[in-house]
Amino acid sequence: MAGETILVVEDEGISAIEIKECLESLGYQVPSIAKSGNEAIQEAFSIEPDLILMDITLKGDMDGIDAATIIRSFMDIPLIYLTALDDVETFNRMSETQATAYLIKPIEEAELRNNIQLALKNYETRQREMANEKMLGLKDVQIFMRSALPELVANIPISGRSGFLSRFMRLFEQNMKPLFIQFTRSITQEPYEDLSDRDKMRIYLSWISQLYENLGFKVLTRTSEDKGLMTVKKCSWAPIRPKDVFLCLICQSIMQLTYSWTGLPGTVKEEATTGALQSVCKFDYEME
């Protein structure tokens, strides 16, 4: 693994230069060297590195462990300590920051290379496992919405449906909005707010259609300069729909709520028709 960005925190000039040259010879990018705890925090937020090499003994009131504690409270970044100290108290303080490793100075190039590669690999594996856990959680939500929700709704008395819908939509936003934000970040390198309305609409329709397709719906989408269209040709809830329009209200609420996350102007309008074999719903997203 090479090409990753590494923030070096080292207040000894010669050591910092040697570490920087070593890392660059291994193919890593070292855009900045911080010389104090405060600089380390500022640079970490500024460059968002893939890994931090943190010297423990720094000039000033804040040492490397203090700086790492602050950084790790806001950012999930692999961290390797560089230290000339080897005592129990220092080790215990380092352990509390969940550092990947710590290297005792002087450091051999092979030792540095191997620990960096291991730290980045373990981090990648952990991120993949977390993503899989999120997908499993999402799958549970989808299973609930696809199978259990219709049966649950059918048994909710009319008087209790308003409260159920409010609670359901709060939980839906709590669990699904972070996934939508994550999706927007994965689909484009540009900041979402800088995208054109048409690009935002395209991203949104891609996300919402995937959600509904995973629920067993058959979905088609289309975008133009000032509007978007999503057509649901096969509703998973169709067998129950003629008996209970409350499921339609839930679906409409989901469309209205998720569209509000996009920051786009306009409204969502639904046109629903029920044929002999399937239900067809059309959702028009008019950006006006």
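Colleague: Which residue in strand 3 is the bridge partner of Ile6?

Modeller: The bridge partner of Ile6 is Leu51, in strand 3. A word on the ground rules: this is a predicted model, in which local features need pLDDT of at least 70 and side-chain atom pairs count only at pLDDT 80 or more, while totals for chains, interfaces and linings use all residues. Residues are numbered from 1 along each chain as its sequence is written, and side-chain values use heavy atoms, leaving out hydrogens and water.

Colleague: How many helices and strands does the chain have?

Modeller: Helices are DSSP runs of H or I with at least four residues, and strands are runs of E with at least two, numbered from the N terminus. Here that gives eight helices and nine strands.

Colleague: In what order do the five strands of the open sheet lie?

Modeller: Two strands pair if DSSP finds at least two bridges between them. In this model five strands form an open sheet in the order 2-1-3-4-5, with parallel pairing. Strand 2 (33–34) and strand 5 are the edge strands, each pairing on one side only. Strand 1 and strand 3 run parallel and are joined by four bridges. Four bridges also join strand 3 (residues 51–55) to strand 4, with Ile52 opposite Leu79. Strand 4 in turn pairs with strand 5 (residues 101–104) in the parallel sense over four bridges, and there Ile80 stands opposite Ala101.

Colleague: Which helix does the chain pass through from strand 4 to strand 5?

Modeller: The chain goes through helix 4 (residues 88–96), and this β-α-β crossover is right-handed. The term right-handed applies if, with the strands pointing away from the viewer, the path from the first strand over the helix to the second runs clockwise. Strand 3, helix 3 (residues 64–74) and strand 4 make a right-handed β-α-β unit too.

Colleague: Why is strand 4 described as largely enclosed by the rest of the structure?

Modeller: Buried means under 20% relative accessible area, exposed over 50%, and partly exposed in between, with a 1.4 Å probe and protein chains only. Strand 4 (residues 79–83) is largely enclosed because five of its five residues are buried. Both faces are covered, with Leu79, Tyr81 and Thr83 on one side and Ile80 and Leu82 on the other. Across the chain, buried residues make up 42% of the 288 residues.

Colleague: What span should helix 7 have?

Modeller: The expected span is 1.5 Å times one less than the number of residues. The 18 residues of helix 7 should span 26 Å, and its end C-alpha atoms are 26 Å apart, which agrees. Just after helix 7, Gly216 takes a positive phi of about 95 degrees.

Colleague: Which residues touch the most other members of the largest nonpolar core?

Modeller: A nonpolar core is a set of buried Ala, Val, Leu, Ile, Met, Phe, Trp, Tyr and Cys residues joined through side-chain atoms within 4.5 Å. Of the 45 residues in the largest one, Phe172, Tyr212, Ile250 and Tyr285 touch the most other members. Among the elements giving two or more residues to this core are helix 5 (109–154), helix 6 (161–187) and strand 9 (279–286). A second, separate core of 20 residues includes Val9, Ile41, Met62 and Ile65.

Colleague: Where is Thr262, and which residues is Thr262 in contact with?

Modeller: Thr262 is in the loop between helix 8 (246–261) and strand 8 (267–274). Thr262 is buried, with a relative accessible area of 2%. Leaving aside its neighbours within four places in sequence, Thr262 is in contact with Phe180, Tyr192, Lys200 and Tyr204.

Conventions: Contact means heavy atoms within 4.5 Å.
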